[in-house]
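Try each task before you read its solution.

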Amino acid sequence: MISEYENAKTELLMARNPSCRKFFEKNKDFLELGYFYFLNDNLKKAKDCFDKVLDTDIRAHWAKFLIELIENNISYYPSYFELRNFLEIDLDILIKHFKGEYVEKIVNYSDFMSSINPEVNKFIGRVFINNNFKEYGMIYFKRAKNTFYNDPELHFLLAQEYDTEGKLDYAINSAETCLKVLPKYYPAEHLLVELKDKLKNCK
């Protein structure tokens, strides 16, 4: 049976009628309540909620940083693991809630965030690709090559995307680069065989 908390959380993440706010208030779920206010553009109340659990909840620590970044008023830095665990998830949530202005402000700090975690541009690119903003996704994948070239997953993702675009030569090159960085990486080996077969059939 789905709990009342899960129902409220689903309403929050699916942007349904926000009756979930009362549930979060009643139960002092300050992290979830903060995200409710965040997604409803009340950034001050969102930060107030995150402050209540800032020292005990790493996600609240991250979420407050994200709002400060949007407001261009950063008072502390996120950790490597906060960027790894939460950036992609929250960008996806913001895109699905049509918060394009917030997304734009966040990704404008990609170079800064990459100085903490060099995978940041890859995370951003993957979010855009998964939300069908292919052009923007490829821009950030290519930027990722400049910040963390020896990331095998990045080259594999590039190979997949070039394949969907029908750019087989580029896809093969990216798959081969992936295997130079990480030999015997099975997904890339398998993809490379498929790509070479496609290229052969095109000739």
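**Exercise 1.** In which loop does Asp41 lie? Describe its backbone and its exposure too.

*Solution.* Before starting, note that this is a predicted model: local features need pLDDT of at least 70 and side-chain atom pairs count only at pLDDT 80 or more, while totals for chains, interfaces and linings use all residues. Residues are numbered from 1 along each chain as its sequence is written, and side-chain values use heavy atoms, with hydrogens and water left out.

- Step 1: Asp41 sits in the loop between α3 and α4 (43-52). Helices here are DSSP runs (H or I, at least four residues), numbered from the N terminus.
- Step 2: Look at the backbone. Most residues other than glycine have a negative phi. Asp41, though, has a positive phi near 70°.
- Step 3: Asp41 is partly exposed, at 44% relative accessibility. The cut-offs are: buried under 20% relative accessible area, exposed over 50%, partly exposed in between (1.4 Å probe, protein chains only).

**Exercise 2.** Step back into helix α3 and find out how many of its residues are buried.

*Solution.* 

- Step 1: Helix α3 covers residues 30-39.
- Step 2: Go through them one by one: Leu31, Glu32, Leu33, Gly34, Tyr35, Phe36, Tyr37, Phe38 and Leu39 are buried.
- Step 3: That's nine of the 10 residues, so α3 is largely enclosed by the rest of the structure.

**Exercise 3.** Work out which residues line the largest pocket.

*Solution.* 

- Step 1: On a 1 Å grid over the protein atoms alone, a pocket is an open set of points where a 1.4 Å probe fits, with protein on both sides within 12 Å along at least five of seven lines; lining residues have an atom within 4 Å of a point.
- Step 2: The largest pocket holds about 220 Å³ of space, a volume being the space filled by probe spheres set on the grid points, which are joined across faces, edges and corners.
- Step 3: Its lining is Leu94, Ile95, Phe98, Lys99, Gly100, Val103, Glu104, Val107, Phe128, Phe133, Tyr136 and Tyr140.
- Step 4: Sort by helix. α6 (80-96), α7 (100-107) and α10 (134-147) each give at least two lining residues, and α7 has the largest share, with four.
- Step 5: Zoom in on Phe98, in the loop between α6 and α7. Phe98 is exposed at 76% relative accessible area, and its phi is positive, about 60°.
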